[in-house]
Amino acid sequence: MGFDEMDVDTIWMDGEFVDWDDAQIHVLSHGLHYGTGVFEGIRCYDTEEGPAIFRWDEHAKRLYDSGQPYGLEIDHEPEELEEATKELIRRQELESCYIRPIAFYGYDSLGVSPKDCPTRIAIAAWPWGAYLGEEALEKGVKVKVSSWRKHASSQIPTNAKTTGLYVNSLLAGEEARSHGYVEALVLNKEGNVAEGPGENLFLVRDGELYTPGLAEGILDGITRNSVITIARDLGYTVHDEATISRGELHTADELFFTGTAAEVTPIRQVDNVTVGERGPVTEELQSRFFDIVERRTDDYDDWFSYV
Ligand code: PMP
């Protein structure tokens, strides 16, 4: 990707809009040293009604909740963050974009305890296309089961979207890419399927959907939640607390990823085993998902925050 002030000329930081060059923090910030930040990734879609932010309320809630285990309190109301985000989109004349709020411990002292460190917060927005590539949405991706396991939720809260957690995602993703795969699939400590480095996983078998439950150590994905709702509304049975063994990946009828960045991306191969091209269930859910987020239907209108 790679962007600069050409793409992001304004950033909202600690309550003010600042220029790209002024969005700076101190090198001794606690968050940099210990990974004590929480963040969100949110998409805004270009619709006939103008830019529409997808599931703002759920993302905002997850941001505040993610800070809980770390005592990281955000002293801005969600409404202020929402309005700041909309203003960023307006000022930069963005249509569809990706929105990145981040809150973290700033500088006071550098003990592991963040005791007197202030909470810093910023929001940026920039244009962003398909995360795993346009072709991936149609043809699917090849994934490699990672040799790195996910943290267990007894080791670190896996339902919080904490910056420090993503070193695990980086290791898994880079390992997969160095072997010629597009993305990784990460098993949990028990060896069952957890999720991708930045995606949740769904499996289709005999016309029913299965996705690992929260107890498997996954992030409670908002796209996952949306796809579960959409699928049930279409009449599918969805097992949303499934335990999926590694071997079931190989015998699945269909597999796909969900995520803000990945949207609904089919998986066509796991390691050396072919699962197959995008299957009919994935295709139906994917096309319904894009009809909804691009507002070609009036359904689920309460999922959208219009700019
Ligand atoms: N799992 C992980 C580890 C993630 O980083 C993400 C992306 N936020 C997801 C799942 C998907 O979550 P969402 O649909 O809310 O983007």
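A residue is termed buried when its relative accessible area is under 20%. In this predicted model, tyrosine 300 has a relative accessible area of 15% and is therefore buried. Tyrosine 300 lies in the loop between α8 (280–293) and β17 (304–306). Its phi is positive, at about 60 degrees, although the residue is not a glycine. Most residues other than glycine have a negative phi.

Arginine 55 likewise has a positive phi, of about 55 degrees, and is not a glycine. This arginine is placed in the loop between β5 (50–54) and α2 (56–67). With a relative accessibility of 7%, arginine 55 also falls under the 20% limit and so counts as buried.

The surface was examined next. Val27, Leu28, Leu32 and Tyr107 form a nonpolar patch of about 390 Å². One of these residues, leucine 32, belongs to helix α1 (residues 30–34). Its relative accessible area is 56%; because a value over 50% marks a residue as exposed, leucine 32 is placed in that class.

The largest pocket holds about 770 Å³ of space. Its lining consists of 37 residues, and those nearest the centre are Phe39, Lys161, Tyr166, Pro197 and Gly198. At least two lining residues are supplied by each of β6 (97–105), α5 (166–178), β9 (183–187), α6 (222–233) and β14 (254–259). The largest share comes from α5, which provides seven residues. In terms of class, the lining comprises 14 nonpolar, 14 polar and nine charged residues.

Methods: Residues numbered from 1 in each chain as written. Predicted model: local features only at pLDDT ≥ 70, side-chain atom pairs only at ≥ 80, totals over all residues. Heavy atoms only, no water. Patch = residues over 30% accessible without salt bridge, like charges linked within 9 Å, V, L, I, M, F, W, Y side chains within 5 Å. Areas by Shrake-Rupley, 256 points an atom, 1.4 Å probe, with all protein chains shown as cover. Salt bridge = Lys/Arg side-chain N within 4 Å of Asp/Glu carboxyl O. Helix = DSSP H or I, 4+ residues; strand = E, 2+ residues; numbered from the N terminus. Buried < 20%, exposed > 50% of the residue type's maximum accessible area, 1.4 Å probe, protein only. 1 Å grid on protein atoms, 1.4 Å probe; cavity = no way out; pocket = protein on both sides within 12 Å on 5 of 7 lines; lining within 4 Å. Points joined across faces, edges and corners; volume = space filled by probe spheres on them. Nonpolar A, V, L, I, M, F, W, Y, C, P; charged D, E, K, R; others polar.
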